Amino acid sequence: MSAVPELRITLAGVERVVAAGTTAGEALEADGRTVIAAYVNGEPRDLAAEVAEGDDVAPVQIASETGRSILRHSAAHIMAQAVQELFPEAKLGIGPPIENGFYYDFDVAEPFTPEDLKRVEKRMQEIVKQGQRFARRPIDDSEARAELAAEPYKLELIGLKGGSSDDDGSSVEVGEGGLTIYDNLHPRTGELCWKDLCRGPHLPTTKVVPAFKLMRSAAAYWRGSEKNPQLQRIYGTAWESKDALKSYLTMLEEAAKRDHRKLGAELDLFSFPDELGSGMAVFHPKGGVVRKAMEGYSRHRHEEAGYEFVNTPHISKRALFETSGHLPNYAESMFPPIELEGAEYFLKAMNCPMHNLIFKGRGRSYRELPLRLFEFGTVYRYEKSGVVHGLTRARGFTQDDAHIYCTDEQMPDELDALLTFVLNLLRDYGLDDFYLELSTRGDSDKFIGEPEEWAEATDRLRQAAEKQDLDLVMDPGGAAYYGPKISVQAKDAIGRTWQMSTIQVDFQQPKRFGLEYQAADGSRQRPVMIHRALFGSIERFFAVLLEHYEGAFPAWLAPVQVTGIPISDDHVAYLERVADRLRAEGIRVEVDSGDDRMQKKIRNAQKQKVPFMLLAGDDDVSKDAVSFRYRSGEQNNGVAIDDAVAEIVAAVRTRA
RNA sequence: GCCGGUGUAGCUCAACAGGCAGAGCAAUCGCCUUGUAAGCGAUAGGUUAGGGGUUCAAAUCCCCUCACCGGCUCCA
């Protein structure tokens, strides 16, 4: 009897001998449901892949990041199959897994309707139930072209092979090596049900998809360029269990409850009147007082950190923005000019040119540097109509903008101190989970200036970033045209990341404006300019905090900090006296003297997310006391007025 | 800017298949005088986003504009 050839492989760190022809799934004794793929030498592969001599094989759990990606990618295939069965004329784009789900793009004559999605979802369920097998089949280019002759986008991808990148998702279809097609085969007859050009890997069968749901459809440009035709994209989500799907959907509902646009209306903070135009907010008194608190604290901290306060107008003649380089580079996102007395005036989209004029207003000495000019400067940008989004993407907004002019030698220390200042200030507002991103020069010719300057500035930003005990992520090509930047990314209470502060080094504007200072040796030198905005925009930061806190601002920021609730009308005057004590301490307090019942007043204050409710009835009056009801619903009854005032004042002063 | 969806009272939403625009909450006025999340009653509130068209008749069907929502592209 002839010996079956044997192979040595490593399985979970242990050497094993297996028969030639053994698949990864067999070697792992995978059940195909919880272990749905294998890492072979670190690369994800199908369970059906045969192992080779010396391979290192490990399981991929469906409930892991890689596992979910494979699941979602397979779900995308199932969706595409369902779509093509229902809409035979649909041409395939790409269908990658994404965070929390997947999508697939289709070229169809008519966009999908919600009813279409229901039909597709139903057909997907049938395919899942059927348990079609995902079978990998290597193919050479010319065969692939023949097989996919009816799929023009796939043909284009074949042409791109090797040149594909993760940027547009095309790498999902055509990987590095040779092309492969995945056939979906009927579980019993082996009949070909559907196929797609794909590098894989996939689930063993469609039956292994435990839970999925189609979410929405939308148009998307082919390969991410607006020069290309628009395809119809269907988004879906898929999870390792029904519970995981359910908790994801619950999380989406929770996030929707935090939507700042919804909370802004409910808490009467701000609105976007139609009459004003798209992307422009008005802040109501309650929102205004939160802004005032935010800005006031920021001003105070900036004063301590050696900033000087300036103010500049909202419009300027054309030449200023020509000098700064904004008109040449960003004309399309500035509002069109206003013609006046033979000159063209533009609404400002940036504050820096104006600050440069202040620097230039007289001769500057090295003794003045670093010169830190700060302004809450309102700017207007013509955001494209489809991108305007509540307070986070508006057409008029106010930056907490500063420009620091310093010498080359001062730059490292300044950047270092600046980053620490920024992070500490953000922490004071209640954000404490950060990472940093360093955006550097890319290949595009939009970047101006000498490579050496860029290298130096980038290096100094990196050094400053590395001193913080935070993750640093590189963002090649993400810089502004005039210089590299660090951005602070903050995670909010439900783990979403927001880009907050940016710190940018700029050699260009000092040059363009001819900025100079006189050095100790009498020579004239060019300062370095550092742009920085901490909140980015006040409106946006407001929105981030509103969502972070779900409207329940800490007491120091809350629009109404204390609501007095009388048990009956007789106690109104008593509570007003308590309120006066609090007002004398600068506390924002209201006494609800309306004719609602006490329970209703509590409900109202609770819905307005007021941090402290102070109740008073006969029991309290007799003891010179008040009763606390906190936002949490907890109570503390019969507290002496002095103690109650002290407690509230302390909570506000410490920004608890 | 592109694709799709939506727009009814301050808010949330009804109004069959084209046939008298309605409810709850909020507001106003009254009654009730209250111990930790909605007391009771009455009143008022609308050019159905705006404009044009079809029709005997339009919130409803068609066109344009505006705004919003979800994506794409963009975001100094």
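**Close-up views of a predicted model**

**Figure 1. Domains of chain A.** Chain A is divided into domain 1 (6-61), domain 2 (65-253), domain 3 (276-548) and domain 4 (562-653), with bounds taken from an automatic or database domain assignment. The centres of domain 1 and domain 3, taken over C-alpha atoms, are separated by 53 Å. The model is predicted, so local features need pLDDT of at least 70 and side-chain atom pairs count only at pLDDT 80 or more, while totals for chains, interfaces and linings use all residues. Residues are numbered from 1 along each chain as its sequence is written, chains are lettered from A and ligands numbered from 1 in the order in which they are written, and side-chain values use heavy atoms, with hydrogens and water left out.

**Figure 2. The largest pocket.** The largest pocket holds about 1,100 Å³ of space. A pocket is an open set of points on a 1 Å grid over the protein atoms alone, with protein on both sides within 12 Å along at least five of seven lines; a cavity is a set where a 1.4 Å probe fits but cannot get out, and lining residues have an atom within 4 Å of a point. Grid points are joined across faces, edges and corners, and a volume is the space filled by probe spheres set on the points. Of the 36 residues that line the largest pocket, Met350, Arg381, Glu383, Phe397 and Gln399 lie nearest its centre. Two or more lining residues come from each of α10 (326-330), β21 (396-406), β25 (497-506) and β28 (528-533); helices (H or I, at least four residues) and strands (E, at least two) are DSSP runs, numbered from the N terminus. By class, the pocket lining has 15 nonpolar, 12 polar and nine charged residues. Ala, Val, Leu, Ile, Met, Phe, Trp, Tyr, Cys and Pro count as nonpolar, Asp, Glu, Lys and Arg as charged, and the others, Gly among them, as polar.

**Figure 3. Helices α12 and α13.** The axes of α12 (residues 411-428) and α13 (residues 451-467) come within 9 Å and cross at roughly 40°, which makes α12 oblique to α13. Axes are lines fitted to C-alpha atoms, for helices over the stretch in contact, and angles run from 0 to 180 degrees between N-to-C directions. Angles under 35 degrees count as roughly parallel, over 145 as roughly antiparallel, 65 to 115 as roughly perpendicular and the rest as oblique. The crossing of α12 past α13 is right-handed (the near helix is turned clockwise from the far one by less than a right angle; anticlockwise is left-handed).

Figure 4. A search of the whole structure finds one cavity of 30 Å³ or more, and the largest cavity has a volume of about 40 Å³. Its lining includes Val562, Gly564, Leu575, Glu590 and Leu614. At least two lining residues each come from β29 (562-566), α16 (572-584) and β30 (589-591); α16 gives the most, with four. The lining divides into eight nonpolar residues, one polar and one charged. The axes of α16 and α19 (residues 641-653) come within 10 Å and cross at roughly 45°, and the two helices are therefore oblique to each other. α16 passes α19 in a right-handed crossing.

Figure 5. The Gly200 to Pro201 peptide bond is cis, with omega near -5°, and Pro201 is in the loop between β11 (192-197) and β12 (211-221). Leu369 and Pro370 are also joined by a cis peptide bond, with omega about -5°; Pro370 is in the loop between α11 (352-360) and β20 (371-380). Arg223, a residue other than glycine, has a positive phi near 55° and is placed in the loop between β12 and β13 (230-239).
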